[in-house]
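Student: I would like a close look at one helix packing contact, followed by an account of the rest of the model. Please go through it in one connected answer.

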Amino acid sequence: MQLGTIDRRADRPPYKQIADQLRAAIESGELSPGDRIPSEATLIEHYGVARMTVRQAIQELRAEARVVAEHGRGVFVRTPVQVRRLASERFARRHREAGLAAFGVEAEKTGFTPRVDQLEVSTALPSEEIRDRLRLAADEEVVVRSRRYLADGQPVETAISYVPAVIAADTAIAAHDSGPGGIYARLEELGHELDHFTEEVSARMPSADERDRLQLFDGVPVIVVVRTAYDTTGRPVEVCDTLKAASAYILEYDIPAR
C-alpha cells in the first residue's frame, strides 16, 4: 500500500492518524482480506515514530476487528464474516417444514457454512427472570439448551434456550440432536403451534468468558437478543438468550407501515 504522512501539528494524535490511513486502505480495498499490513519496522521508519505509537495504531484496528495478529507472521486484514439476520422471516414455518432452523436459513441467504458446537443440554430450575417470562411456578423446571454457532468456522453467537420441562422433558428437545427444523419444529409437533415472538435487543461489552467463547478482540461489543416464543393460546413456550458478536452481524427488520 501507499503510505501517507502524518501532521504533527494536528490535534489528532499520530497513532490515530496512522490508524486512519490503514483503515482507509482496508475500506477502499487497497488492502484486502488476508493481506499483511506493513510491518512495525516499516511503519516506524516511514512515519518516524516510536514503536509504541505504531502498536497503538494497530491496536485501534484490532479493537475494531479489522485486523488480526498471527504470532511470528505479522498482522493481517481480517476476513470478515457477516451474518445477515433476517428477523422478518427467519422463523417462518416453511423453513421449519423444509428442515431448516433459523441459523440455517441465514446461512443459505448469506452464503456461509454453518456449524454448531459446545452443545449442552440439561434440566434445571430457571432464574427468576426466565421463570417470569415463561410464567412458571417457583418449583417448575426447564430444559436448557446451550450452544455456540459458527459461520465458516468463526464463532459468531452463543444461545441458551429455556423450555418448560413439562413440555420438553423426554422429547427430542431434551436430546442432544433435536432433529431437522430445530426445537421450534419439535414444539409444533407436540401441539404448540407457534403464533408470534417478542425480542428485546440491547448491547454491552462482553465478560472475559464471553469474549473467549466468541474469540472477540478487546473492545468489540456484543448484541444481546432475548426472544420469547408464544403459541396460539398465548402461552410462552421458550425463552432464548442470545449473544452475538457485533462485528459479525447485520440485523435486518421488515416493518410494515400500517
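Student: Which residues in helix 1 meet which residues in helix 3?

Tutor: This is a predicted model, in which local features need pLDDT of at least 70 and side-chain atom pairs count only at pLDDT 80 or more, while totals for chains, interfaces and linings use all residues. Residues are numbered from 1 along each chain as its sequence is written, and side-chain values use heavy atoms, with hydrogens and water left out.

From helix 1, Pro-14, Tyr-15, Lys-16, Ile-18, Ala-19, Leu-22 and Arg-23 meet Thr-53, Gln-56, Ala-57, Glu-60 and Leu-61 of helix 3, where contact means heavy atoms within 4.5 Å. By type, the residues of this contact split into seven nonpolar, two polar and three charged. In that count Ala, Val, Leu, Ile, Met, Phe, Trp, Tyr, Cys and Pro are nonpolar, Asp, Glu, Lys and Arg are charged, and the others, Gly among them, are polar.

Helix 1 covers residues 14-28 and helix 3 covers residues 51-63; helices (H or I, at least four residues) and strands (E, at least two) are DSSP runs numbered from the N terminus. The two helices pack at an angle of about 50 degrees, and their axes are 8 Å apart. Axes here are lines fitted to C-alpha atoms, for helices over the stretch in contact, with angles running from 0 to 180 degrees between N-to-C directions. Helix 1 and helix 3 are therefore oblique to each other, since angles under 35 degrees count as roughly parallel, over 145 as roughly antiparallel, 65 to 115 as roughly perpendicular and the rest as oblique. Helix 1 passes helix 3 in a right-handed crossing, that is, with the near helix turned clockwise from the far one by less than a right angle, anticlockwise being left-handed.

Helix 3 also packs against helix 2 (residues 40-47): their axes come within 9 Å and cross at roughly 115 degrees. This crossing of helix 2 and helix 3 is right-handed too. On the helix 2 side Glu-40, Leu-43 and Ile-44 take part, and on the helix 3 side Arg-51, Val-54, Arg-55 and Ile-58. The contact of helix 2 with helix 3 has four nonpolar, no polar and three charged residues.

Next, helix 5 (residues 102-110) has Ala-102, Phe-103, Gly-104, Val-105, Glu-106 and Ala-107 as its buried residues, buried meaning under 20% relative accessible area, exposed over 50% and partly exposed in between (1.4 Å probe, protein chains only). Their cover includes strand 3 (83-86), helix 4 (93-97), strand 4 (114-124), strand 5 (142-151), strand 6 (154-164) and strand 10 (249-252). Just after helix 5 comes Gly-111, with a positive phi of about 95 degrees.

The whole structure holds three aromatic pairs, counted where rings of Phe, Tyr and Trp (its six-membered ring) have centres within 6.5 Å, with planes under 30 degrees apart called stacked, over 60 edge-to-face and the rest tilted. The rings of Phe-103 and Phe-112 lie 5.2 Å apart between centres with planes at 50 degrees, so this pair is tilted. Phe-103 and Tyr-149 make another tilted pair, 4.7 Å centre to centre and 45 degrees between the planes. That pair joins helix 5 to strand 5 across 46 residues. Phe-103 and Phe-112 are both buried, and Tyr-149 is buried as well.

Helix 8 (residues 182-189) is mostly covered, with seven of its eight residues buried: Gly-182, Ile-183, Tyr-184, Ala-185, Arg-186, Leu-187 and Glu-188. Gly-191 follows helix 8 and has a positive phi near 100 degrees.

Gln-118, in strand 4, has a phi of about 50 degrees and counts as partly exposed at 36% relative accessibility. Arg-135, in the loop between helix 6 (128-134) and strand 5, has a phi of about 55 degrees and is exposed at 57%.

For the overall setting, the protein has nine helices and 10 strands, and its C-alpha atoms fill a box of roughly 70 × 40 × 35 Å along the principal axes. Of its 258 residues, 44% count as buried. Among contacts between residues at least 6 apart in sequence, 61% join residues at least 24 apart.
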